Amino acid sequence: MTTLRRVAGKLGALLLTLFLASLLVFFSRFLVPGDPVSFLLRGRKPSPEAVAQVTAQYGLDLPPWQQYLNWLTGVLQGDFGRSLQYRQDVSQVIGDRLPVTLGLVVMAGTMIAVVGLTAGIVASLNRGKVLDRAVLIGLTVLGAIPSFVGSIVLIAIFAVQLGWFPSFGSGEGFFDTIYHLVLPSIALAIVFVVLVGKVTRSSMVEQLGREHVEVATSRGLKRGTVIRRHVFRNSIGPILTVSGVLVAGLLVASSIVEAAFGLAGIGSLLVASVDRLDFPVVQAIVLLIVTAFVVVNAIIDVLEPWIDPRAAAGAGAR
């Protein structure tokens, strides 16, 4: 029953967060300078009748609260409205570009997990030694490289000078797409590798100094077994917490990388839509990012007690 109540509480918090986020996402449009009607009628000198017709067509003549209810009802049915720029359903506009961003995020996330975890583990197991210092220096240097600078450097070296990878577009077909996304994924992953690496090292160093690790070692358990069962498993909590933050971070940072490599993803679409006051597209993408962040964090909260029993014990004590 305790587990069911905990899951129900998490679900309630998730729904409340998404509702509040929808309010913020929708009504922030009224704080942005610019008129969507002027964008729709750009380059023309419309009559008052034409302005009234366009305003009514997009429901802009309704009170804000009614516009919100209409928008929310549509969102719950998978209808985000029509794009002011593309004159298509927002769902179709985003759906055409979502696979590119998902591929980019998945590849970058894989690199972050492999490189970040490896760097953190290696550094923690060699704490105070040359290898530890080398890893920390390397992570510090990488952390100082913004995504757009990393993109330019990667393009200059591996695309222009060496010609190993393409510098533009997302390719066609599964393997060609992966080939085109190698450099963008590296550029996107750089900063986040640093975060995961440092959190992993810090968490494992803390566990290595715990009494239960010393007891396990004194009982004659192999070092690999101690590290796997008693150190890394108990270190996974902070790493999972960071992973939840990474989801939103990767989706937001993808806009910079997609622009640098000419990728037609939702990140570059978000930037273009903000510039052109395409509010329905902006609202849909922002809500998508917020939803991904909230849902992933909720899943992590539910799974963490199963991975780390101490979290469940702590929740029960509270």
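1. Asp89 is partly exposed, because its relative accessible area is 36%. The areas themselves come from the Shrake-Rupley method with a 1.4 Å probe, and for residues only the protein chains shown count as cover.

2. Ground rules before going on. This is a predicted model, so local features need pLDDT of at least 70 and side-chain atom pairs count only at pLDDT 80 or more, while totals for chains, interfaces and linings use all residues. Residues are numbered from 1 along each chain as its sequence is written, and side-chain values use heavy atoms, with hydrogens and water left out.

3. Back to Asp89: its side chain meets that of Arg82 in a salt bridge, 3.4 Å from N to O. The term covers a side-chain nitrogen of Lys or Arg within 4 Å of a carboxyl oxygen of Asp or Glu. Arg82 is also partly exposed, because its relative accessibility is 39%.

4. The structure holds two salt bridges. Asp132 and Arg201 form one of them, with the closest N and O atoms 2.9 Å apart. This pair ties together distant parts of the chain, 69 residues apart: Asp132 sits in helix α6 (residues 130-143) and Arg201 in helix α8 (residues 174-208).

5. Now the fold as a whole. Buried residues are 39% of the 318 in the chain. Of the contacts with a separation of 6 or more, 73% are between residues 24 or more positions apart; a contact means heavy atoms within 4.5 Å. The chain exposes about 17400 Å², with 67% of that supplied by carbon and sulfur atoms.

6. How far does the predictor trust this? The mean pLDDT of the chain is 81, and 86% of its residues reach 70 or more; pLDDT is the predictor's confidence in each residue, from 0 to 100. Confidence is highest in helix α5 (residues 90-125), at a mean of 90, and lowest in helix α13 (residues 309-317), at 49. Over residues 313-318 pLDDT stays under 50, and the model has one contact beyond four places in sequence for that stretch.

7. There is a nonpolar surface patch of about 710 Å², made by Phe148, Val149, Ile152, Val153, Ile157, Leu162, Trp164 and Ile256. Patches are built from residues with over 30% relative accessible area and no salt bridge; like charges are joined within 9 Å, and nonpolar side chains (Val, Leu, Ile, Met, Phe, Trp, Tyr) within 5 Å. Helix α7 (residues 147-161) gives the most to the patch, with five residues.

8. Is Ile152 buried or exposed, given its 55% relative accessibility? Ile152 counts as exposed, because of that 55%, and it lies in helix α7. Leu154 is placed in helix α7 too, but it counts as buried because its relative accessibility is 10%. Leaving out residues up to four places away in sequence, Leu154 touches Ala159, Leu183, Ile186 and Ala187. Its C-alpha atom is 8.6 Å from that of Pro184, which is 30 residues apart from it along the chain.

9. Ser22, in helix α1 (residues 2-27), is buried because its relative accessibility is 3%; beyond four places in sequence it touches Tyr68, Trp71, Leu72 and Leu287. Ser255, in helix α10 (residues 223-261), is buried at 14%, and with the four-place cut-off again it touches Gly267, Ser268 and Val271. A polar atom of the Ser255 side chain lies 2.8 Å from the backbone oxygen of Val252.

10. Most residues other than glycine have a negative phi. Arg87 has a positive phi, near 55°. Arg87 lies in the loop between α4 (64-76) and α5, and it counts as partly exposed because its relative accessibility is 39%.

Key. Helices (H or I, at least four residues) and strands (E, at least two) are DSSP runs, numbered from the N terminus. Buried means under 20% relative accessible area, exposed over 50%, partly exposed in between (1.4 Å probe, protein chains only). A polar contact is a pair of N or O atoms within 3.5 Å; within protein, one must be able to donate a hydrogen and the other to accept it, and residues adjacent in sequence count only if both atoms are side-chain atoms.
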